[in-house]
Amino acid sequence: MKNDPQGRAALRMVRAAIEEHCPPGVLPSEEAVNGLYGPGLMDEAEALAAAIAATVERLQLQVVKPPALSIKA
């Protein structure tokens with residue numbers, strides 16, 4: 001799996017989706033991923049998973065709790 005072309009292509013598709021739809025900065029560049037995580041497919045997958053988790057965390061922080069309804073008449 002280390003140099004599996006189909007695996008690499010699949011991860012590129014996931015990377016492209018994250019870069020297009022997730023907040024800027026959640027996913028390091030491919031070069032940065034190589035330095036931070038390593039050059040393998042599993043290293044790229046780990047970086048992608050971390051970016052997805054960071055996006056979910058940011059979205060949860062943006063959720064604003066609506067004010068409680070008052071039943072006073």
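Predicted model: local features only at pLDDT ≥ 70, side-chain atom pairs only at ≥ 80, totals over all residues.
Me: Why is Glu 44 called buried?
Reply: Its relative accessible area is 7%. The cut-off for buried is under 20%, so Glu 44 counts as buried.

Me: Which residues is Glu 44 in contact with, leaving aside neighbours within four places in sequence?
Reply: Glu 44 contacts Arg 8, Leu 11, Arg 15 and Val 33. Contact here requires heavy atoms within 4.5 Å.

Me: What makes α1 roughly parallel to α3?
Reply: The axes of α1 (residues 5-21) and α3 (residues 41-62) come within 10 Å and cross at roughly 20°. Angles under 35 degrees count as roughly parallel, and therefore α1 is roughly parallel to α3. The crossing of the two helices, α1 and α3, is left-handed.

Me: Which residues of α1 and α3 meet?
Reply: From α1 come Gly 7, Arg 8, Leu 11, Val 14, Arg 15 and Ile 18; from α3 come Leu 41, Glu 44, Ala 45, Leu 48, Ala 51 and Ile 52. By type, the residues of this contact are eight nonpolar, one polar and three charged.

Me: What makes up the largest nonpolar core?
Reply: It has 10 residues, among them Leu 11, Ile 18, Leu 41, Leu 48 and Ala 51. Helices α1 and α3 are the elements that each give two or more residues to this core, and α3 supplies the largest share, four residues.

Me: What does Leu 48 touch, not counting residues up to four places away in sequence?
Reply: Leu 48 touches Leu 11, Val 14, Arg 15, Ile 18 and Leu 27.

Notes. Residues numbered from 1 in each chain as written. Heavy atoms only, no water. Axes fitted to C-alpha atoms, helices over the stretch in contact; angles between N-to-C directions. Parallel < 35°, antiparallel > 145°, perpendicular 65-115°, else oblique. Left-handed = near helix turned anticlockwise from the far one by under 90°. Nonpolar A, V, L, I, M, F, W, Y, C, P; charged D, E, K, R; others polar. Core = buried A, V, L, I, M, F, W, Y, C linked by side-chain atoms within 4.5 Å. Buried < 20%, exposed > 50% of the residue type's maximum accessible area, 1.4 Å probe, protein only.
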